[in-house]
Amino acid sequence: MEPQQRSPLLEVRGNVELKRPLVKAPSRLPLPGTRFKRGPDRMEDALEPEKKRTRGLDTVTKIATSHPRPPALTVRPQTQSQTTAPKVPKKTGPRCSTAIGTVLKKQKPDPAVPAQKPGAAPPTLGGKKPTKRPAWDLKGQLCDLNAELKCCRERTQTLNQENQQLQDQLKEAQQQARVLGAECRTLEGELARVQAQAEQGQQELGNLRARVLELEEQLGTQQGLVQELQKEQVGLQEERRGLAARLEEQERRLQASEVALSGSQAEVASLRQEAATQATLLVAQGERLHGLEMERRRLHNQLQELKGNIRVFCRVRPVLPGEPTPSPGFLLFPSGPGGSSDTPTRLSISRSDERRGTLSGTPAPTTRHDFSFDRVFPPGSGQDQVFEEIAMLVQSALDGYPVCIFAYGQTGSGKTFTMEGGPGGDPQVEGLIPRALRHLFSVAQELGGQGWTYSFVASYVEIYNETVRDLLATGTRKGQGSECEIRRAGPGSEELTVTNARYVPVSCEKEVEALLQLARQNRAVARTSQNERSSRSHSVFQLQISGEHAGRGLQCAAPLSLVDLAGSERLDPGLALGPGERERLRETQAINSSLSTLGLVIMALSNKESHVPYRNSKLTYLLQNSLGGSAKMLMFVNISPLEENVSESLNSLRFASKVNQCVIGTAQANRK
């Protein structure tokens, strides 16, 4: 492909940007008037004329070619490897095209100079063909060279003038190019702004078209809604007509109701008057009910006093599987004056004197021992029958009277079963402790309707070898019974507490069952000759009851003590004692000592002695507030139905008879 040609204006701008100065080349021709001096080194020229002629011709050729005429502003073909001038932006306005055309018109055409081939002879002056001078004609050659030099100088002067004109034209073109460039940039900025405005207009037009479509869609939706609303309006008009009819009906009914209301208001006024009368009557009934409750408590306490502040019940346990059946006449329950319908209160035990029979050789005579108590429970009596007899006594604790119930008897006679019940959680074999607390919770809830509120706090300790232990201890507190001591609750207070023992608030049966289960695990038991699992300590369950009637400012507080005494046994002095038997011996001595002290305390209270030996035993010291004259006490004497235990049974019955003969002063309620 042929190279593209550029316009003269672009060629000028390219030359200016590339900073190509138009420098006049210095002439290498000798100045006129100079002479050639031959030196030693020029002597060869005379000897070799042909060579000198050739050299002279070469010199003329060099002079002619060393100052070529600079070409005019012609289009130069450029290849990709050559450096190109910066391109003029394609987007040019009409003003830029007009200016460039004006510059091109002002440029003068440069006369074409024929190109001279290298090695050719210089042109002749005047158009004449130069004659060949001999080699020795140096002067002629010099004249020729001077003439040629003159022509070259004239041509150089002409070229300089043309160069000056071209430079002036170039400056003017550059100035115009700068003006045109500024105008071009302004026009380009305006063009960009117009294009941006056009694009913005196109975008706004698109947005408006989208908005028009959206509005048309909304218009269609609104038209649909209008149609639906029109339908709904028709329905509402029909509904309004129906409501208007209903309103008329309601107005008629309202008028009838107003008439009925006026009658009801009169009735309400009479009912309010009646309610005020009923409120007055209710207050009077409340006062009367409170008076009756106080009278009930007084009569209840009087009834308990008539029965005796110290009562003794005897209970005979049934024969267990594997035990021998006693003889028919060994244990009898004589009927009362009213026959078999009377409550049994008497007990007879027959015993033969074996020593007298052996000495005489005849059968030993039978000795009959009769005992009378407040109540006797044969072997077939259930736990519910036993509790029914003591329920009223337990309720006295809610009235503010200290109550103490304890089970006494030899080991294996059923004391623990009577107080705590049997294993397995069978409701039929529940003992006195869970039944008593259930009864207290029930009665306290009934009294709550009369304005009474009660709180219950339970504790459970055992006295083993005159040491107090906490049966409710858990975790690291187990085995720390030696640290428990009996102390007064405060200076001048008659209430006793056990230090380091747990006092647990209870409000339901499940909490009591959990405490009893924990106490069974912690209680000290051992195997004896009479029982495989004998309780070797006295267990004392105490329930502190506090009641308050906020409306009348009444308060009452009393303890309920339920005691399971350790089994009593007589010691055999001829028995050989090993290490285990010595421990059982110490336990038996401590048990018998505390039981003897209990009997002495009861006798001292009955005899109204000035000194009551409460401190002789930890058991009596802990129970002294439940054994005094202001307390109600009940003792269960438990005996075995076996003939082999008749001696221990008689000892227990004799001790119980002595207690039953004691009379303690009138009990007093702890009220504030």
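**View 1. Helix α9 passes helix α10 in a right-handed crossing.** Such a crossing is called right-handed if the near helix is turned clockwise from the far one by less than a right angle, and left-handed if anticlockwise. The model is a predicted one, in which local features need pLDDT of at least 70, side-chain atom pairs count only at pLDDT 80 or more, and totals for chains, interfaces and linings use all residues. Residues are numbered from 1 along each chain as its sequence is written, and side-chain values use heavy atoms, with hydrogens and water left out.

**View 2. Helix α9 (residues 432-448) and helix α10 (residues 509-522) pack with their axes 10 Å apart, at an angle of about 155 degrees.** The two helices are therefore roughly antiparallel to each other, a term used for angles over 145 degrees. On the α9 side the contact (heavy atoms within 4.5 Å) is made by I433, P434, L437, R438 and F441, and on the α10 side by E509, V512 and L516. Sorted by class, this contact has six nonpolar residues, two charged ones and no polar ones.

**View 3. K415 and T416 are among the residues that UniProt, in an unreviewed entry, lists for "binding site".** Such annotations may be inferred rather than shown by experiment. K415 is found in helix α8 (residues 415-420), and T416 is found in helix α8 as well. K415 is buried (under 20% relative accessible area), with a value of 7%, whereas T416, at 28%, is partly exposed, a term for values between buried and exposed (over 50%). Leaving aside residues up to four places away in sequence, K415 touches A407, Y408, G409, Q410, D564, L565, A566, G567 and N638.

Note on methods:
Axes are lines fitted to C-alpha atoms, for helices over the stretch in contact, and angles run from 0 to 180 degrees between N-to-C directions. Helices (H or I, at least four residues) and strands (E, at least two) are DSSP runs, numbered from the N terminus. Angles under 35 degrees count as roughly parallel, over 145 as roughly antiparallel, 65 to 115 as roughly perpendicular and the rest as oblique. Ala, Val, Leu, Ile, Met, Phe, Trp, Tyr, Cys and Pro count as nonpolar, Asp, Glu, Lys and Arg as charged, and the others, Gly among them, as polar. Buried means under 20% relative accessible area, exposed over 50%, partly exposed in between (1.4 Å probe, protein chains only).
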